[in-house]
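Subject: Structure handover and findings

Hello,

Here is the structure I promised to pass on. Please open it first, then read my notes below.

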Amino acid sequence: MSVSPLSPHAPATTDRGPAGRLLRCWFPILALIVPLFAVAIVSDLAGSVMIQRTVTEALIRIVVVVGIYVFVGNTGVISFGSVTFMAIAAYATGWQTCCEALKPITMPGLPEFLRDHSYSLFPAALAAVALAALAAFVTGLLLMRMSGLAASISTLAVLFIVNVVYSNWDSVTMGTASMVGLPRYVTLWVALGAAVLAIVVAWLYQSSRFGLAVRATRADEVAAAACGVSLYRARLLAFTLSGALMGLGGVLTAHFLGTVSINSFFLKLTFIALAMLVVGGMGSLAGAVAGVVVTSVVIDVFRRLESGFSIAGANWSLPAGTQELVLAGVMLLILIYRKDGLMGGREFHWPSNRGKIAGT
């Protein structure tokens with residue numbers, strides 16, 4: 001029996017031909033990337049420096065939260081120490097690009113090839129990301145032998161170790177003081193390109209056989225092992241890739257602010273990034289991006305309200321710390337009413353009328 005193209009029994013037209021199949025395959029990330037491009041274009045056309053700065057910050061947060069998602073979302077193991085690799089990359093790019101006149105005075109303990117020379121921005125960024133990935137790999141060789149709560153606490157221990165070392169290594173990191181003089185080249189479009197890159201890398205990974213293997217360990221470790229999946233190797237790969245993306249987030253942060261301080265990569269950033277992932281939903285890439293967008297809007301709105309606003313000629317301002325209280329309240333509501341986050345662990349999919357029958 002033939003089926004009319006207009007019949008509800010007909011497959012979606014996007015399933016026909018290589019172009020339709022390609023669109024269907026890539027739609028989940030296109031649904032994330034296209035809105036980001038739209039927001040960036042509108043922000044650029046608006047011409048407001050404040051709006052552009054806010055959007056740029058949100059795009060950098062997307063890189064960071066997607067980096068955490070690559071490990072946490074695919075393995076189901078909460079990592080409290082992913083920000084460690086941001087700090088490692090941020091300092092690495094700072095050592096390479098900071099002013100040559102300052103380094104011998106402020107950081108005399110640096111190796112000669114770093115202390116007396118500065119390097120181009122792109123190679124420096126690549127080297128910093130590679131160092132973060134290497135640090136994640138070496139750390140993962142030890143930590144990925146554990147699972148569950150033990151693995152989570154061990155990542156937190158790594159965060160504290162790096163924080164203490166960098167805070168007291170005065171001749172190399174300037175201790176708790178800020179490293180200044182970094183070139184500020186991270187614009188709205190650079191941050192957008194990095195966010196798109198992070199999303200594509202995360203999607204390709206989770207769609208690959210390596211991503212499917214590690215997601216199998218999240219669902220059932222015993223069954224995955226029985227099918228030949230190595231829990232250790234699968235999680236080590238996810239941890240290393242997550243470290244690389246976190247390193248990219250560290251490079252962007254350093255060259256967006258123009259300064260690096262070890263206190264910027266500690267518990268506050270850790271819990272804000274995890275809050276964004278929880279709000280959107282840890283089970284999907286779409287949830288990671290959505291969580292950043294929603295949380296960034298809440299943070300920015302209440303940050304502006306804390307700085308003061310005018311109503312009927314009277315000046316008002318919310319008490320300091322209101323944004324943290326509101327963010328905590330949003331997290332509680334999400335956990336109570338949507339424990340799987342706003343996206344419920346689902347990705348965006350191309351709408352199809354397959355299987356739909358009229359009258360059902």
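The structure holds 6 aromatic pairs. A pair here means rings of Phe, Tyr or Trp (its six-membered ring) with centres within 6.5 Å; planes under 30 degrees apart are stacked, over 60 edge-to-face, and the rest tilted. One of the pairs joins Tyr-91 and Tyr-166. This pair is edge-to-face, at 5.0 Å centre to centre and 80 degrees between the planes. Tyr-91 sits in helix α3 and Tyr-166 in helix α7, so the pair ties together parts that are 75 residues apart in sequence. Both tyrosines are buried. Buried is under 20% relative accessible area, exposed is over 50%, and partly exposed is in between (1.4 Å probe, protein chains only). Ring pairs also link Phe-71, Phe-85 and Phe-239 into a cluster.

Some ground rules. This is a predicted model, in which local features need pLDDT of at least 70 and side-chain atom pairs count only at pLDDT 80 or more, while totals for chains, interfaces and linings use all residues. Residues are numbered from 1 along each chain as its sequence is written, and side-chain values use heavy atoms, with hydrogens and water left out.

**The helices behind the tyrosine pair**

Helices (H or I, at least four residues) and strands (E, at least two) are DSSP runs, numbered from the N terminus. The expected span of a helix is 1.5 Å times one less than its number of residues.

Start with α3. Its 15 residues should span 21 Å, and its end C-alpha atoms are 21 Å apart, which agrees. 15 of the 15 residues of α3 are buried, so this helix is largely enclosed by the rest of the structure.

Next, α7. This helix covers residues 148-168 and has 21 residues. From first C-alpha to last it reaches 31 Å, close to the expected 30 Å. Its buried residues include Ala-151, Val-158, Leu-159, Asn-163 and Tyr-166. The buried residues of α7 pack against α3 (83-97), α6 (121-143), α8 (170-173), α12 and α13.

Val-83 is in helix α3. Its relative accessibility is 1%, so Val-83 counts as buried. What does Val-83 touch, not counting residues up to four places away in sequence? Its contacts are Met-246, Phe-265, Phe-266, Leu-269 and Thr-270. Contact means heavy atoms within 4.5 Å. Val-83 and Ala-124 are 41 residues apart along the chain, and their C-alpha atoms are separated by 20 Å.

Ser-242 belongs to helix α12. At 2% relative accessibility, Ser-242 is also counted as buried. Leaving out residues up to four places away in sequence, Ser-242 touches Gly-67, Ile-68, Val-70, Phe-71 and Ser-82. Phe-71 is one of the residues in the ring cluster.

**The pockets**

On a 1 Å grid over the protein atoms alone, a pocket is an open set of points where a 1.4 Å probe fits, with protein on both sides within 12 Å along at least five of seven lines; a lining residue has an atom within 4 Å of a point. Grid points are joined across faces, edges and corners, and a volume is the space filled by probe spheres set on the points.

The largest pocket holds about 750 Å³ of space. Its lining has 26 residues, and Arg-61, Lys-268, Leu-269, Ile-272 and Arg-303 lie nearest its centre. Elements giving two or more residues to this lining are α2 (49-75), α12 (231-257), α13 (267-280), α14 (285-307) and α15 (322-337). α13 gives the most, with 7 residues. The lining divides into 17 nonpolar, 4 polar and 5 charged residues. Nonpolar covers Ala, Val, Leu, Ile, Met, Phe, Trp, Tyr, Cys and Pro; charged covers Asp, Glu, Lys and Arg; the others, Gly among them, are polar.

The second largest pocket has a volume of about 380 Å³. It is lined by 20 residues, with Leu-36, Val-39, Ala-58, Val-293 and Val-297 nearest its centre. α1 (17-46), α2 and α14 each supply at least two residues of this lining. Here α14 gives the most, with 9 residues. This lining has 17 nonpolar, 2 polar and 1 charged.

**One backbone point**

Met-174 has a positive phi of about 65 degrees, although it is not a glycine. Met-174 lies in the loop between α8 and α9 (188-207).

Best wishes
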